[in-house]
Amino acid sequence: MSRARADEEEYWHSSKFRAFTFDDEDDELSQLKESKRTVNSLRDIVDDDDDDLERVSWSGEPVGSISWSIKETASGSTSSLDGRDSSLQKGSSSYAALPKQSSSYSLSSLFKGRNKLSSFQSLSDALTDTGVKNYAPELRRPRADYKDYSSDWSPKDTVRRMQRGKVCSLERFRSLQDKLVLLDEAVAGHDGNVITAVLIFLKRTLRREILFRELEVRQVALCHLIHFLRETGEQKFLLDLLRFLDRTEEVALSQYREHLNIQDVEKRREFLKGCIGLPFSAEDTSHIQDHYTLLERQIIIEANDRHLEMAGQSELFRKYPRKASILNMPLVTTLFYSCFYHYTEAEGMFSSPTNLKKTFKIPDKQYVLTALAARAKLRAWGDVDALLTTKNWLGYTKKKAPIGFHRVVEILQRNNAPVQVLQEYVRLVEDVETRLNLATKYKCHDVVIETYRDLKDRVQLTAYKCKVERGSAEEEKIQSILSNMQIRWKN
C-alpha cells in the first residue's frame, strides 16, 4: 500500500516536459514510450479487480463507447500522419518500421462488424474497404423527395408540385384526355407560369389543328399562348393560330409589326405599302396610310437636307448641325425638325411645317406647342410673336394661345427668353393668382406692380416695394402709384 502511494506521489510530482536543448529528439518512439509508461503507472494505481466499475477517459466519456472510439481512432491516424511527415523531413527510415499503436476499439470494428484483433491500419482504410459488409444505417432522402421523380401523380398533384417549384416531368401524360385535364387543372390553379409551362408541353406534343381546336374553347389558356408567342417572336405559329380563329384584324396587325425588324428604309417603305391592303379596320387603315406617307416624306427631306449640309449652302445647317437622321422618326419629331430648319418654306414644299400640318391633320394645340418650342430654341422672338398673333375678319390683330399663355411663358423661360419678352406674355395670363405667381417667379416686376395697382391692394404693393432694388425704376414706379391720390385703395 505504501508502494502504491509512493508511486502515486511520484506520478503527480513528475512531468513529461523537459527543458529545451538542441540534443533533444522529438521523435515518435520517445512519445510512445512516455505514453506507455504513463498508462502502466495508472494501472498500478487503479485496482484491476474492480471490473464492476465503469472506466472513463479524462474527458469524462466511458472507455469503449462510440465517441471514445472515434476520438481514439482519429488521434491514432493523426499521430501516424505526423510521424510520417517528421520521418520524411528528417530522412530517417527507422521510424517507418515502428508498429502503429491503435486502440482495441476502432471505428471500423463498430461500423464494419470487425473484432478487436483485425482492426484497420487507418480510418481511410476502413472507409474504402468494400469487401466487408456494411452494418451502418444509410441516410436516405425523405420519400416525398423521391416521389417527385416517380410517375404516379395525378394532374392535380402535378400542378400543385409545379406551383411549389418542384421538378415534374409531363411526359407521362400521353393521351389527349390526360393532357387536356392537365391544362384545365393548370388554368384552375391561376398560376401563369404553370399555364405557360403546360402550353409549351402541349405545343410540342400535339398537332396544331388539335391544339387550336381545344384552345378555342379555353380562352384563358388561349390568351396565355398568344402572349407567349408574341414575346418569343414565333410569328409564323402565331399567324396560323390567328387565322384558325378567324381574327383577320389581329393577323394584319401582327404582319404590320414585322416592319420593326426591317432596317433598310427602302425595304420598309415597300413593306408598309403592301400593308395598306391588309384587312384592317377603317381607323387602322388610315394610320397605316399615314405611316407610309410620313416615311416617304422623310426619305425626301433627308436626301435634300443631307445634300445641303454637305455642300454648306445653308447658314442654318452650319450654325446648328443636325444631330441625327430624321428617318423613322415620329410625326411630332418630324414637325419639330421642319419648324426648326424649314419654318419659312412655302406650303407647297414637302418639308414645310404647314404642309405637314395639313397633310397629317395635326391639331392646332400640337402644332403651336411644337412650333413654339422650335422657334424659341432658335431665339426667334419675332416668329413666336407672329405664331401667337391672329386676325379677325375685320382685320384686327389679337394674341391667342391654344395651349394657354401660362405654358407659353414656361416654354419661353426654359429657352432663356429676356424679361421684356416674358412680361409681354405674362400680362396675357387671365387668372390673377397664376399671373402674380409667374411674374414673381420670373421677376417680371412691372407685371406685379400693375396687377397690385389694378387690385387696389396698397398693403401688398408696399410689401413688394421692399423686394425691388433701392433707387431702381421699379421702386420709383411703386412710389408714384402709392402717392397717387386718385386711386381708391381697398386697404
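A salt bridge here is a side-chain nitrogen of Lys or Arg within 4 Å of a carboxyl oxygen of Asp or Glu. R375 is buried, with a relative accessible area of 8%, whereas D383 is partly exposed at 23%. Buried means under 20% relative accessible area, exposed means over 50%, and partly exposed is in between, with a 1.4 Å probe and protein chains only.

Before going on, the conditions. This is a predicted model, in which local features need pLDDT of at least 70 and side-chain atom pairs count only at pLDDT 80 or more, while totals for chains, interfaces and linings use all residues. Residues are numbered from 1 along each chain as its sequence is written, and side-chain values use heavy atoms, leaving out hydrogens and water.

Now the chain as a whole. Its secondary structure comes to 26 helices and two strands; these are DSSP runs numbered from the N terminus, with helices being H or I of at least four residues and strands E of at least two. Of the 491 residues, 31% count as buried. The accessible surface is about 32800 Å², and 51% of that belongs to carbon and sulfur atoms. Areas come from the Shrake-Rupley method with a 1.4 Å probe, and for residues only the protein chains shown count as cover. Among contacts between residues at least 6 apart in sequence, 46% join residues at least 24 apart, where contact means heavy atoms within 4.5 Å.

Next, helix 11, residues 219-232. Its 14 residues reach 20 Å from first C-alpha to last, close to the 20 Å expected at 1.5 Å a residue; the expected span is 1.5 Å times one less than the number of residues. Which residues of helix 11 are buried? They are A221, L222, L225, I226 and L229. Seen down the helix axis, the buried residues fall within an arc of 135°, so they line one face of helix 11. That arc is taken from the directions from the helix axis to the C-beta atoms. Just after helix 11, G233 takes a positive phi of about 75°.

Back to charges. A search of the whole structure finds 24 salt bridges. One of them joins the side chains of E250 and R230, at 3.5 Å from N to O. E250 lies in helix 13 (residues 248-256) and R230 in helix 11, so this pair ties together parts that are 20 residues apart in sequence. E250 is partly exposed at 26% relative accessibility, and R230 is partly exposed at 39%.

Another salt bridge pairs E347 with K358, at 3.7 Å from N to O. E347 sits in the loop between helix 17 (331-341) and helix 18 (353-360), and K358 is in helix 18, 11 residues apart. E347 is partly exposed at 41%; K358 is exposed at 61%. There is also a network of salt bridges linking D184, R213, E214 and R218.

Last, the surface. W393, L394 and Y396 form a nonpolar patch with about 480 Å² of accessible area together. Patches are made of residues with over 30% relative accessible area and no salt bridge, joining like charges within 9 Å and nonpolar side chains (Val, Leu, Ile, Met, Phe, Trp, Tyr) within 5 Å. Y396 is found in the loop between strand 1 (389-391) and strand 2 (397-399), and is exposed at 57% relative accessible area.
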